[in-house]
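Dear colleague,

Please find the structure below, handed over for your records. My notes on what was found in it follow directly after.

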Amino acid sequence: MADKDGLKVAKDYRVEVPFANQGDFHVKGSNHLDWGMKKHLSNIFDPKSGNTVMFAFDHGYFMGSTAGLERLDLLIPQLLPHVDVLMGTRGALRTCVSPDCRKAIALRTSSGSSMLNDDLSHEVIAVDIEDAIRMNADCMAVQTFVGADGQLSSLDNLSRSINAGLRYSIPTMGVIAVGKQMERTDRFFKLATRLVAELGANIIKTYYCENFEEVVSACPVPIVVAGGKKLPEDEALTLAYRSISEGARGLDMGRNIFQSEHPAAMAEAIRKIVHEGFNDREAYEFYQDACHR
Ligand code: 5RP
C-alpha cells in the first residue's frame, strides 16, 4: 500500500476538457463494454440526451412505509410517463409495477439495515444475480459506505455485484451513502465516487456538492444525483438544474417527487431539465402550470 505521508492533493481536474475515451457510445466510460451491458445502459440513459430521470422509491427497504409511498400501486402509474427508470426493491417492483411498463429497472439489491438501528452501514447482498436476470434488471443498486463503519462489507457487496454483473452483462450502480462521521464535502465525494468507479461500478449515484464539476471530471462513469430530504419545489428544481449543468447525467430523486403535493408535475418538470434543456426558473414555471392542469 502506498505511503500516505506527503501525498499531493489532486487539483488538476481539467473540467473544460471532455472525457477522452468516449468513442461513439453515449454513456461515459462504457465504450468498451459488451452489447448486453450497452443495451442495459441505453435503456437507462437516453441515447439522444445522454441523460436519465430515475424515480427512487426503494426507501421501504430500510424505512418501512414512508410518507408519500404508502400506496405504490397508486403512485407509480401517475409517474410512469415522466420517468425513464424505476429504482425499487424486488418486493415493490414485483407487486406494484406492471411488467408491461417499458421502463428501465434499477433493482435495489443490498439491504440489511433499518431505521430502528443506530448504524445503517452494515448491509448484505439480498438479491441473487439470478433474480436480477429474471426481473430483466437494467442495473443493480448497491449501497456503499466509504469511510464508515461498514466500509469493508459494503465494498465487498459492491464488488460481488460487479463480478456477478460482469458475468451476465448487468451494470452495477454504486449508491454513495454519507456515514455519520462524514461530511458532504467535495473532498469526500471525490474520494468516494472515484473509489467506487475504480472498483468497477458502471453508474454512481451521489449527492450534489460544492465543486461538483470536479467530482464529475475525476469520475470515469456517469454520475446521477440523489435528491435527499424534501425541499420546496423551486429549490429542488434548482438542485436538479445545477446538477445537470455541472455534468451529472441524471437525477435519481425520491422524496422531492413523491412528497411533493403534485408528484407527476414535479417529475415532469425535472424531465424538462434533464432532457429538454430547461433552466430551473423555466422548469418551476412549468411545474406551477402543470399543477393547475
Ligand atoms: C438510499 C437511496 C434512496 O434511493 C435515496 O435516498 C433516494 O431518495 P431521496 O431522493 O428521497 O433521498 O439511494 O440510499
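Throughout this message, contact means heavy atoms within 4.5 Å. The model is a predicted one, in which local features need pLDDT of at least 70 and side-chain atom pairs count only at pLDDT 80 or more, while totals for chains, interfaces and linings use all residues. Residues are numbered from 1 along each chain as its sequence is written, and side-chain values use heavy atoms, with hydrogens and water left out.

By that criterion, and not counting residues up to four places away in sequence, Ser260 touches Lys230, Glu233, Arg255, Met266 and Tyr287. Ser260 is placed in the loop between helix H10 (255–258) and H11; helices (H or I, at least four residues) and strands (E, at least two) are DSSP runs, numbered from the N terminus. With a relative accessible area of 6%, Ser260 is buried (buried means under 20% relative accessible area, exposed over 50%, partly exposed in between, with a 1.4 Å probe and protein chains only). The side chains of Ser260 and Glu233 are joined by a polar contact of 2.8 Å, that is, a pair of N or O atoms within 3.5 Å; within protein, one must be able to donate a hydrogen and the other to accept it, and residues adjacent in sequence count only if both atoms are side-chain atoms.

Glu233 also belongs to the packing of helix H9 (residues 233–245) against helix H11 (residues 263–276), whose axes come within 9 Å and cross at roughly 25 degrees. Axes are lines fitted to C-alpha atoms, for helices over the stretch in contact, and angles run from 0 to 180 degrees between N-to-C directions. H9 and H11 are therefore roughly parallel to each other (angles under 35 degrees count as roughly parallel, over 145 as roughly antiparallel, 65 to 115 as roughly perpendicular and the rest as oblique). H9 contributes Glu233, Ala236, Leu237, Ala240, Tyr241 and Ile244 to the contact, and H11 contributes Met266, Ala269, Ile270, Ile273 and Val274.

H11 also packs with helix H3 (residues 72–79), at an angle of about 40 degrees and with the axes 9 Å apart. Leu75, Gln78 and Leu79 of H3 meet Pro263, Ala264 and Ala267 of H11.

Elsewhere, Cys101 lies in the loop between helix H4 (90–96) and strand E3 (104–108). Cys101 is buried, at a relative accessible area of 15%, and touches Leu80 and Leu86, not counting residues up to four places away in sequence.
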